[in-house]
Amino acid sequence: MRMVVMFDLPVETREQRKIATKFRKYLLDEGYVMMQFSVYYRICNGKDMVNKYLLRLEDNVPEKGSVRLITLTEKQFSEMKVLVGGVSPIEDKLDSSNLSVF
């Protein structure tokens, strides 16, 4: 499964930019990968892991702006079409076939 986080945060003031940067850094520290600007995803081994990271995410979202989450199966995610541009080098290296299930 993949958790896809999409956000639009205010960045008009220095404080708002600091909050937005802190949120992006949090996502990277939690193992999310940037798919494109303001769209990050994380691979999860099932719904229990999704719920674990959802609780963490809820504790770290900024108070202002818009943050959305969608959970996709690997099949749904793999059927995504890139219409313009390409897959980022990090995204290309990391896929669910690299997962180990215990």
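Is R2 buried or exposed? At 3% relative accessibility, R2 counts as buried, where buried means under 20% relative accessible area, exposed means over 50%, and partly exposed lies in between, computed with a 1.4 Å probe on protein chains only.

Before I go on, this is a predicted model, in which local features need pLDDT of at least 70 and side-chain atom pairs count only at pLDDT 80 or more, while totals for chains, interfaces and linings use all residues. Residues are numbered from 1 along each chain as its sequence is written, and side-chain values use heavy atoms, with hydrogens and water left out.

Let me stay with R2, which forms a salt bridge with E74, the closest N and O atoms being 3.0 Å apart; a salt bridge here is a side-chain nitrogen of Lys or Arg within 4 Å of a carboxyl oxygen of Asp or Glu. The pair links distant parts of the chain, since R2 sits in strand β1 and E74 in helix α3 (residues 74-78), 72 residues apart; helices (H or I, at least four residues) and strands (E, at least two) are DSSP runs, numbered from the N terminus.

Another of them joins the side chains of R56 and E30, at 3.0 Å from N to O, and because R56 lies in helix α2 while E30 lies in the loop between α1 and β2 (33-36), the pair ties together parts that are 26 residues apart in sequence. Here R56 is partly exposed, with a relative accessible area of 34%, whereas E30 counts as buried at 17%. There is also the pair K25 and D29, whose side chains meet at 3.4 Å, N to O; both residues lie in helix α1, four residues apart, or about one turn of the helix, and both are exposed.

Now to the nonpolar cores, each a set of buried Ala, Val, Leu, Ile, Met, Phe, Trp, Tyr and Cys residues joined through side-chain atoms within 4.5 Å. The largest has 14 residues, of which M3, V5, F7, F23, L27, Y32 and L57 touch the most other members. Two or more residues come from each of β1 (2-8), α1 (14-29) and α2 (47-60), and α1 gives the most, with four. Apart from this core lies another, of eight residues, among them V4, V33, M35 and Y41.

Finally, F7, leaving aside its neighbours within four places in sequence, is in contact with F23, R24, L27, S38, Y40, S66 and V67, contact meaning heavy atoms within 4.5 Å.
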